[in-house]
Structure formats: C-alpha cells, structure tokens
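Student: I have a structure open and want to understand how it packs. Can we go through it step by step?

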Amino acid sequence: MRDNRIEKLAKNLLMYSVKLQKSENILIEVLGEDGLPLAKELMKQANKIGARAFFNIINYELQKIMLEDLNEEQIKIYAKNDLIRMKDMDAYIGIRASTNTSELQEISSEKMNLYNLLYTLPVHFEERCSKKWCILRYPNYSMAQMSNMSTEKFEDFFFNVCNLDYSKMSNAMDKLVELMNKTDKVHILGNGTDLTFSIKGIGAEKCAGKNNIPDGEVFTSPVKNSVNGHITYNTETRYNGILFNNIRFEFENGKIIKATSNNDEEINKILDIDEGARYIGEFALGVNPYIDLPIGDTLFDEKIKGSFHFTPGKAIEECDNGNRSSIHWDIVNIQRPEFGGGEIWFDDCLIRKDGIFVLDELKCLNPENLT
C-alpha cells in the first residue's frame, strides 16, 4: 500500500527544500538501504518536474571495510571521483538510514580524521554546500530502537516532525533573526555552564526546512576569539561512531583550552585534528515543537525545543566568523526545567529562561504557537 506520508515528504523536499527546477541535475544519495522507499519516490517526483535525477547508494558495511585499511592515495581518488559528480549537480538530497549507528565505532580516529579531511571537507563541506541541498534521516528499526520507541510510534513521530508547516515556522523566526542581527554580547547560564561571547557583525540565519529535515533552528557564529568561560553539555552525541557524554569545554579567548568527557583521549584527538577544531563555528537555538527528547541523532537533537547547540569546528558560510576546520560537531544543551533549566541573555536582556522565550516579540516561537 502506498504511504501518502512518503509522497508528501518527497514533494516537500523537492519543491520547498531544494526548489528543484526543470532540467536541473539532482543527486539522491542513500546511506543505508532502508532509505530506498523515499529515494524511489524522490526520483519519480523529480522526473515529473522534468529534472534529471541521479542516485548513489552507500552500504555502511562496505564503507567500514574501506575505512579499515584506508590510505591517503585511496581516499584522494575516492574524493576526486565523487567531487567530479558533485560539481555536475544543481541539487542534492542525502537520506541516511543506518541499520547500526555503531557500525564505524571500531575505525581508528586517525582513519576517520583522514577521511573527514580529504573526503568530507572537499566533497561535502565545500562543494555540496555550495549547491541547493537537504539532508535527512529515514525511519527504520535502528532509529526506533535508539529512540526507545516502537517502529510504528517512531514512524508517526518522524512524519509529524518532518511534514510540519515549515513556512509558518519560517515566518515566526524572523523576529529572532532580527534581534540576533543587532546583538553584541551573549551570556549563557546553566548547570555547569557560564559562557560569554560576542555575535556582533556576524549575522543570523533561520533554518526552516531548507537544508535539514527535521528543521527548526536559528543560528549564527560567535566572533572567533570572543568565547570565554565554560560549558557542560547535557546530551549524548556521536562522532566518528564513538558515543560521548558529560562533555565539558573550557574556553579562553575563543579556544577550547580544556576538554573532558567520558572519553578524554578520543575527544581531544578529534579537537586536535586541525587548528580550527578547538574554536567554535556555530551557535544556534533549537525550536522544533515536536522534538522533546534527544535520540542520539544530531539532525533531530539539534532542533529540540528549548535547546541550543555550540559547535566546535568549521563556520557555516552564511554566518562566517572565519573559522576553518574539517569538523563541524553540533553538540546540544537542553535548558528546559527537566534538564536543569538555564538562561540566555542578549546584551544584558533575558530572552529565554528554562527553554521558553520571555520577550513578547519572540513568544511566537514557543511550542504552543508552532503546532
């Protein structure tokens, strides 16, 4: 039986997220075969538009074998060929549907850092991000299990989150963008967190269903050398297949001078990959009303209502503070009361307390006004 929710999602991705036009080239990349139902629908709908749809399927088990014995010459050849294809594209949609989120956990950090530096950076961060693009997960047994939900319940959650009215959310975000554009000093307080930095002159952008699905954040970047204080994150996160929790960073003049977690050695290996990895490339507020709890997947967790993320690594082009790195690691802190609460101040004015916007002009972004 045809699932109309998949058809609706495919149309939203093509017509709203990447605005695919007739005669354009689009690459539909599937990471894990569970995403094929959506990929097939995307190709059918792209054909109806009159675009040219191309596909690529990545099997995580085969990718693991390649990464285990990876050498510099091999990854450069791999990147060269994928880069040629990406240059021919006008749009890109990536569907991630891993059956095992720990598949790459045994790959050494040295191999993964080499892969990120020589493949992910040129092919995705530089070339793909210059196109019209969108990335999303696809609901499968693995994600349902990771979320502690039945498969049916997780599918319902997924399609509610991904098929919400993003145009309504987009309009509600405008006041926050306007405020951030004229803000200088940011002060964040919470359990184990006392952080100050400037966002003056950087600018802010809204994310309402264009590049990520699900979506729901407004982001900027701190002035590179302005971050001081400390932050303790209260959600788990994966990087290079390794699960991290209890992450704490100390900053001095923008740089992470001390990093601790459940795995001090591995987290510092990641932050030492290049000079920019110890500086922050993004600060964002999450506002998606349907996402309450972390599920261990960044694309969902960074949009949690009442959250913010503070991201080591490469700055995003739209809000560029000049930081360059082969990593971009969105780590989330939730400030709702059940997670310990917290405050965010802009230029000595309290704008959000315990995850709820308190300024009248921003109350449109509170969950009850977005559902």
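Student: At what angle do the axes of helix H3 and helix H5 cross?
Tutor: This is a predicted model. H3 covers residues 60–68 and H5 covers residues 109–127. Their axes come within 10 Å, and they cross at roughly 105°.

Student: Are H3 and H5 roughly parallel or roughly perpendicular to each other?
Tutor: The crossing angle is roughly 105°. Angles from 65 to 115 degrees count as roughly perpendicular. H3 and H5 are therefore roughly perpendicular.

Student: How many residues of the contact of H3 with H5 are charged?
Tutor: H3 brings Gln63, Leu67 and Glu68. H5 brings Lys111, Met112 and Tyr115. By class, three are nonpolar and one is polar, and the charged ones number two.

Student: How are helix H1 and helix H7 oriented, roughly parallel or roughly antiparallel?
Tutor: H1 spans residues 4–17 and H7 spans residues 151–162. Their axes lie 10 Å apart, at an angle of about 30°. Angles under 35 degrees count as roughly parallel. So H1 and H7 are roughly parallel.

Student: Which residues of H7 does H1 meet?
Tutor: H1 passes H7 in a left-handed crossing. From H1 come Arg5, Ile6 and Leu9. Their partners in H7 are Glu155, Asp156, Phe158, Phe159 and Cys162.

Key:
Residues numbered from 1 in each chain as written. Predicted model: local features only at pLDDT ≥ 70, side-chain atom pairs only at ≥ 80, totals over all residues. Heavy atoms only, no water. Axes fitted to C-alpha atoms, helices over the stretch in contact; angles between N-to-C directions. Helix = DSSP H or I, 4+ residues; strand = E, 2+ residues; numbered from the N terminus. Parallel < 35°, antiparallel > 145°, perpendicular 65-115°, else oblique. Left-handed = near helix turned anticlockwise from the far one by under 90°. Contact = heavy atoms within 4.5 Å. Nonpolar A, V, L, I, M, F, W, Y, C, P; charged D, E, K, R; others polar.
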